[in-house]
Amino acid sequence: MKDEALQAIYDAILRRDPGEDEFHQAVSEVLDSIAVVLRERPELADERLIERLCEPERQLVFRVAWEDDEGAVQVNRGFRVEFNGALGPYKGGLRFHRTVKLGTMKFLGFEQTFKNAITGLGIGGAKGGSDFDPRGRSDREIMRFCQAFMTELYRHLGEHTDVPAGDIGVGARELGYLFGQYKRITNRYEAGVLTGKGIGWGGSHVRKEATGYGLVYFVREMLARRGEGLEGKKCVLSGSGNVALYAIEKLHSLGAKVVACSDSDGTVHDRDGIDLALLKQIKEVERGRVRDYAERRGAEYLEGQRPWAIRGHIALPCATQNELDVDDVAKLVENGCKVVAEGANMPVTPRAIDLLHEEQVDFGPGKAANAGGVATSALEMQQNARREVWTFGDTEAHLAQIMKDIHATCAKTAEAFGAPDDYVLGANAAGFIRVAETMRALGVV
Ligand code: NDP
């Protein structure tokens, strides 16, 4: 880090929170970006604002004990990190995955704070989840786990306090069980306490599709700046979950062709273009693997591999953090890739981002490119508060406009700080300025 004061803050975080590598990585990227902002706006670092920004307002860690189908007691760990509430109620998803630990939650909550800020909406940043592994668990076990999780978490939530949503391993089914338990314990039908709900019980149209669709809208804006469109573009993406499926849907509807996607076991390479109806049937209905897709479709299956060696003009990592490194960038560049945008949170490593910039590949960071999900969650909160249900078309039009605005904000901010092609700088600086100005207005808290 070039700025000494920021380096000292970062060193203190390393000492205080050892072992939280992902959190360190996220903080380091933001501090690197805001050095140029602080040169022009030094008052934004007054009263230890940066130290306060890097320290979560509240971190909850709790035991989740539940019974499996054999009657054996299982013990998991639950988390909720309420990172920053300057701009509104804490907002951010819940992740159920065996790798979840406090550092993961802190990195995601920190990122979420800036992401939510650049949507321009009134939402603070948070993240939560558990090291519970839903894979191989029955429906009943998922329900009992969700009920046990919410039995602790409910006391920290509220439509004006903290509003979780889904993330890896938490989709409509889990949100249903979580909401059911919240309602039972509180005796309140408080729709605005969770987002990502089913359409019949307070959910918003387009929420399910929003992160994937929003990502594609963002990419469309990136391409437009180069004087290009999506029509005829070949794309490779990772993951085959919520974000990936709906990114594929929107890419296909706008004339692009997705030839690869993956899960944690391997990658499918379908030269004719992914058959989305079949993939959705396997992933959303049968809860199967991309290996099953490859078998049924007669497509190539690459066991244990990620999709980055496959030729494509656009690459969209939509699975998990640090899944695309420098070697992968080298392959992508060799294969003519011109645009990389993050559907997942922090999937591209810092060294890989540097290389993308060096190679003049346009790079859209997740804070901006995948903000469509949380933005539509905020639209869901608006509908809940007004007891309204907007149409699919109206909601999607809102989302498309928000993504256009986010892109414009990032591009304009990057330009203002002398690096017009650096969306990382644009997103971090724009998010930081909004949160920091608000924190100053709210006093030392
Ligand atoms: P899902 O659980 O629906 O899907 C995740 C996908 O990524 C699955 O295909 C999964 O494969 C794969 N995956 C997960 N962990 C790993 C891993 N360690 N290695 C390889 N593949 C992995 O999650 P989402 O689609 O909702 O989320 C994906 C990413 O997008 C996450 O980073 C999330 O934080 C981010 N995001 C999601 C938003 C949303 O609205 N859903 C909003 C903004 C960001 P497998 O089935 O084998 O585990």
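Me: How do you know which domains the protein is divided into?
Reply: The bounds come from an automatic or database domain assignment, and they give domain 1 (1–55 + 422–445), domain 2 (57–188) and domain 3 (210–359). This is a predicted model, where local features need pLDDT of at least 70 and side-chain atom pairs count only at pLDDT 80 or more, while totals for chains, interfaces and linings use all residues. Residues are numbered from 1 along each chain as its sequence is written, and side-chain values use heavy atoms, with hydrogens and water left out.

Me: What makes residues of domain 1 and domain 2 count as in contact?
Reply: Contact means heavy atoms within 4.5 Å. By that rule, 20 residues of domain 1 are in contact with 22 residues of domain 2.

Me: What is the area buried between domain 1 and domain 2?
Reply: It is about 1700 Å², with carbon and sulfur atoms giving 66%. Buried area is the accessible area (1.4 Å probe) that two parts lose on being put together, summed over both. In domain 1, Glu-22, Phe-23 and Arg-434 lose the most area to domain 2, together 32% of what that side buries.

Me: Why is the meeting of Asp-17 and Lys-106 called a salt bridge?
Reply: The term asks for a side-chain nitrogen of Lys or Arg within 4 Å of a carboxyl oxygen of Asp or Glu. The side chains of Asp-17 and Lys-106 meet at 3.3 Å, N to O, so the pair qualifies. Across the interface of domain 1 and domain 2, the rule finds two salt bridges.
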